[in-house]
Amino acid sequence: MTSISVAMATYNGAKFLREQLDSLAAQSLPPSEVVIADDCSSDESRAVAADFARTAPFPVRAFRNDDQLGYKRNFLRAVGLCASDLIACCDQDDVWDPAKLERATQPFADPNVMLVHHNSYIVSPSGEVLGLLRSSDIARDAAPHESNPWFAAYGHTLTFRKALAQFSPLWERSVSAHSTEDRIVRFGPEPESHDHWFFFLASEMGRVVYLPEPLVRYRQHDGNAEGWGGPMSYRRRWRHRLERRDLVYDLCAKSAAARSAILSEASRLAPKEDYATIMSEGSQRYERLAWLYERRAELYRSSHFGSRLRHFASLTRGHAYDGRGFWTFHAKGGIKDAILGLMFAPVLRYAGTPPSGADPTCSAVRSRLSPSTT
């Protein structure tokens, strides 16, 4: 039988931790082990974990970080300490359905499946159900990563093969594409979160399977490291559309270029020749995507209409909007770029400075990419 480890990252989570741990003990398919990486908690989190370990029906291995790592690095550490064939990520404040591990492991009977994720209930601090994490429309939710390279499942829903963990040393080179204009200006590029990282690797190396069943009660409270933003209101949607797209698309270009370089390196580290080939092909796709986003950033950055027209024409000639290529912006993106980018980009931009140390011209990407990728 395939073994499965639970990788849990904790930080000052004593309030809800025992309820989460008890839900692990109630699994119809018990884990082979629970690995807990504590990020220098100052509350009773470690004591709660130690008390649970004394009576748990499976081994519980708890570790305390010497220095505070932050939730991204802490989860990567927990994953790296796991010994099983499969790894399920676990937040400190949720409650798992008793069938979660049993259901999540079943699709791995197919050796091509690299990652499984599922739906969840959104619950209040007291456990009241507020709604579903994702729409129940299976057709729409089954494989959104095939049309959106930035899609990633929430970390508490992930179960994946341990083979993905061998590439963790490359994580530091990643660049998250999930930042708002304000965050880009304040902090600049940041590495991807652990869930985006493993989802990215899995979607390149094999199949990703989505289970529509809500298998976790995903608790929302003031202490969430990363929470559920809720359905996007019209106000939030238009604010997102009107923020500085030159900064946002510049970050997407950097993220795609980083992923291209990571996959190129991973193809040399891959244990199997077929993985190496797949990753090499993925590197080329992300290289093209970086070029497209660089052109798109320049479209929104250029002050002169003639320059914007050249960038828009370059995107059009490169089939950025017609769906012929992998990960294109499609027709709606073309309409958006024609109206907001080509016609009104100077109006939408407001006075401000790029984040310290940032490269607003994306020259680092340009130096590595050739226009021939169009």
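Guide: Helices (H or I, at least four residues) and strands (E, at least two) are DSSP runs, numbered from the N terminus. Glu-294, for instance, is found in helix H10, residues 273–301. Please note that this is a predicted model, in which local features need pLDDT of at least 70 and side-chain atom pairs count only at pLDDT 80 or more, while totals for chains, interfaces and linings use all residues. Residues are numbered from 1 along each chain as its sequence is written, and side-chain values use heavy atoms, with hydrogens and water left out.

Visitor: Is Glu-294 buried or exposed?

Guide: Buried means under 20% relative accessible area, exposed over 50%, and partly exposed in between (1.4 Å probe, protein chains only). Glu-294 has a relative accessibility of 1%, so this residue counts as buried. In space, Glu-294 is 6.0 Å from Asp-250, C-alpha to C-alpha, although 44 residues separate the two in sequence.

Visitor: With which residue does Glu-294 form a salt bridge?

Guide: A salt bridge is a side-chain nitrogen of Lys or Arg within 4 Å of a carboxyl oxygen of Asp or Glu. Glu-294 forms one with Arg-295, and the closest N and O atoms are 3.9 Å apart. Arg-295 is also buried, at 12% relative accessible area.

Visitor: How many salt bridges are there by this rule?

Guide: The count comes to 16 salt bridges. One of them joins the side chains of Arg-207 and Asp-110, at 2.8 Å from N to O. Arg-207 lies in strand E9 (residues 207–219) and Asp-110 in the loop between helix H4 (100–105) and strand E6 (113–123), so this pair ties together parts that are 97 residues apart in sequence. Arg-207 is partly exposed, with a relative accessible area of 42%, and Asp-110 is partly exposed as well, at 24%.

Visitor: Where do Asp-22 and Arg-18 lie in helix H1 in relation to each other?

Guide: An α-helix has 3.6 residues a turn, so residues three or four places apart point the same way. Asp-22 and Arg-18 are four residues apart in helix H1 (residues 14–25), and are therefore separated by about one helical turn. Their side chains meet in a salt bridge of 2.9 Å, N to O. Asp-22 is partly exposed at 35% relative accessibility, and Arg-18 is partly exposed at 28%.

Visitor: Which residues of H1 are buried?

Guide: They are Phe-16, Leu-17, Gln-20, Leu-21, Ser-23 and Leu-24. These residues cover an arc of only 155° around the axis, which puts them on the same side of H1; the arc is that of the directions from the helix axis to the C-beta atoms. Contact means heavy atoms within 4.5 Å. The elements against which the buried residues of H1 pack include strand E1 (4–10), strand E2 (33–38) and helix H2 (45–55).

Visitor: Which residues does Pro-59 touch, not counting residues up to four places away in sequence?

Guide: Pro-59 touches Ser-32, Glu-33 and Val-34. Pro-59 lies in the loop between H2 and strand E3 (60–64), and is partly exposed at 48% relative accessibility. Between the C-alpha atoms of Pro-59 and Val-34 there are 6.4 Å in space, against 25 residues in sequence.
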